[in-house]
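Here's a quick briefing to read alongside the structure.

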Amino acid sequence: MESDKTDASDAPTAQANVANDRPETGSASVTPAGSERISLDAPATDGSDVHEFVLEDAGEGVKITSPETASAGQMAVVRSSTVKKTKRKTLRRTKRSGKRASEGPTATPIGKFLKEDDDIPTILAHMRKDLSSPPLQLRCLLAIERLVESDAANRNIVSQQNGIELIMESMTACKSNKDVQGSACWVISNLCRNRELNSKIVEKGCIDVVMEMFTTHSTVEHVQHACLATVCNLALNEGTLRKLVSVGVVSNVLRTIRDFPENEWIQYTAVQVLQNAANIGELCPMLMEAKTVPVVVQAMNSCADHDELLQSSLWIFSSLAFTGTNETRIELIECGVLPVIIRSIKECEGHHGVYFTGCSAIANVARADDAVDKIVEAEVVPILLDAIRACLDDPSILQIGCRALVLLLESRTARRQCKDLGCSKLCKKVLELFPEGPVAMEAKQALKLQKTKDKGCSLM
């Protein structure tokens with residue numbers, strides 16, 4: 001749906017590490033597959049949309065890339081739009097008459113202050129009458145939110161009418177009113193989806209206001225969700241994301257995951273923010289130091305049937321392992337990422353995004369020195385083969401799946417498992433479908449390693 005994405009004309013340019021990037025395969029011990037870009041339109045889980053998977057081989061690790069203007073890690077967050085269906089569970093951001101993150105403000109009769117067909121300038125004029133009146137401000141903000149949620153032109157009108165400054169003034173005047181704060185934050189979140197407005201909102205001091213709201217209303221679920229949504233949409237701009245990180249937004253994001261484990265929308269939106277941060281390589285050491293991984297594992301356990309959250313979480317693991325050191329990859333294993341990776345691939349039947357990010361995470365974690373046997377003992381190989389079998393029409397998943405196999409086949413146990421599970425036959429099938437190119441190269445390497453005797457295996 002249009003309201004679920006940034007406007008094409010306003011979407012930020014994809015950056016090198018943003019979540020518009022799918023992992024690139026490779027390992028120091030494997031011959032690089034070259035620099036060829038593989039693009040695939042894979043059906044979405046409900047058949048109504050497409051995911052475009054792009055794999056660029058850097059020859060060292062796997063970095064996720066995707067050319068979409070508003071893809072996984074740069075998905076604009078809105079409050080009352082329907083989220084893509086999955087085969088397992090349909091999650092919806094409900095309309096204002098129901099719950100969002102929790103019992104947030106609902107649409108109240110507007111006749112006392114406004115008319116149903118009032119436009120943006122009229123509503124802003126009503127706001128200016130009494131900035132200190134929470135009832136007036138709340139009704140006006142709810143009306144503006146309704147008008148800007150799916151209409152880029154209305155967002156621009158708000159800016160042209162000095163509405164951004166007015167909303168900030170309203171938040172300051174009604175600082176103690178959680179409903180006004182939350183609704184104002186949702187309006188700002190929607191305005192941020194226009195790239196030019198994103199920068200303007202930051203210039204007006206929005207970051208400081210949102211950071212204060214995180215603290216002042218730390219126990220109010222709907223306000224915390226609104227703050228997270230605003231941060232997520234502000235982070236569509238890499239420069240803004242860096243500013244947010246510099247003022248400590250990560251600690252607040254992690255806190256919301258810990259404090260509201262049963263709120264799926266808080267969990268999902270918080271993980272999206274972390275995903276955006278993980279796509280900037282320079283920020284990955286800070287994320288590891290902040291103990292991001294165990295908190296993300298917690299979110300995956302709390303929302304085990306939320307496929308999009310699982311995909312974003314796997315993306316984080318892949319990015320951290322790709323950017324990090326050997327110690328980073330060992331820490332990922334020790335934090336329990338392998339069980340949740342395996343469970344996600346196993347249970348998210350037909351979800352190509354989960355398959356891809358899961359295989360990518362395995363491939364990157366498998367680069368850890370002396371850890372391959374431990375990874376194999378976690379029963380990764382059978383799940384990896386299942387993912388490959390399920391995606392024989394998807395070259396990006398086949399390439400990264402076979403690359404992960406190549407890395408794991410260093411293990412004697414993995415070679416025995418592959419023999420028992422018919423891996424050679426599967427690799428030959430892959431070669432029949434893709435006789436040349438990066439996929440074929442990885443499949444041939446996997447076949448070769450399966451024939452290696454148990455005396456040892458060298459990938460060099």
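This is a predicted model: local features need pLDDT of at least 70, side-chain atom pairs count only at pLDDT 80 or more; totals for chains, interfaces and linings use all residues.

Residues are numbered from 1 along each chain as its sequence is written, and side-chain values use heavy atoms, with hydrogens and water left out.

**Confidence**

- Residues 80-103 also come with pLDDT under 50, and the model has 71 contacts beyond four places in sequence for them.
- Averaged over the protein, pLDDT is 79, and 74% of the residues score at least 70.

**The overall picture**

- You'll find 23 helices and two strands in the protein. Both are DSSP runs numbered from the N terminus: helices are H or I with at least four residues, and strands are E with at least two.
- Of the 460 residues in the protein, 61% are buried. Buried means under 20% relative accessible area, exposed means over 50%, and partly exposed is in between (1.4 Å probe, protein chains only).
- The protein exposes about 17600 Å², and carbon and sulfur atoms supply 49% of that. Accessible areas come from the Shrake-Rupley method with a 1.4 Å probe, and for residues only the protein chains shown count as cover.
- Take the contacts with a separation of 6 or more: 75% of them link residues 24 or more positions apart.

- In soluble globular proteins, nonpolar side chains tend to be buried together.
- The largest nonpolar core has 140 residues, and F317 and L408 touch the most other members. A nonpolar core is a set of buried Ala, Val, Leu, Ile, Met, Phe, Trp, Tyr and Cys residues joined through side-chain atoms within 4.5 Å.
- Skip the neighbours within four places in sequence, and F317 is in contact with V293, V296, V297, M300, L332, V337, V340, I341 and A361.
- Helix α16 (residues 337-347) has V337, L338, V340, I341, I342, S344 and I345 as its buried residues. They pack against α13 (292-302), α14 (307-323), α15 (326-334), α17 (352-365), α18 (372-377) and α19 (380-390).
- Over in helix α4 (residues 163-173), the buried set is G163, I164, L166, I167, M168, S170 and M171. Their cover includes α1 (120-129), α2 (134-148), α3 (152-160), α5 (178-191), α6 (195-203) and α7 (206-216).

**One aromatic pair**

- The structure holds one aromatic pair. W265 and Y268 have ring centres 6.0 Å apart and planes at 55°, so the pair is tilted.
- Rings of Phe, Tyr and Trp (its six-membered ring) pair if their centres lie within 6.5 Å; planes under 30 degrees apart count as stacked, over 60 as edge-to-face and the rest as tilted.
- Both W265 and Y268 sit in helix α11 (residues 264-278), three residues apart, which is about one turn of the helix.
- W265 counts as buried at 8% relative accessibility, and Y268 does too, at 7%.

**Loops worth a click**

- Most residues other than glycine have a negative phi, and most peptide bonds are trans.
- N162 isn't a glycine, yet has a positive phi of about 60°. Look for N162 in the loop between α3 and α4, where N162 is partly exposed, with a relative accessible area of 43%.
- E379, another residue other than glycine, has a positive phi near 65°. E379 is in the loop between α18 and α19 and counts as partly exposed at 43% relative accessibility.
- The C-alpha atoms of R193 and N233 are separated by 6.2 Å, although the two are 40 residues apart along the chain.
- L421 lies in the loop between α21 (412-420) and α22 (423-433), and is partly exposed at 34% relative accessible area. Beyond four places in sequence, L421 is in contact with V381, P382, L385 and R389.

Terms used: Contact means heavy atoms within 4.5 Å. pLDDT is the predictor's confidence in each residue, from 0 to 100.
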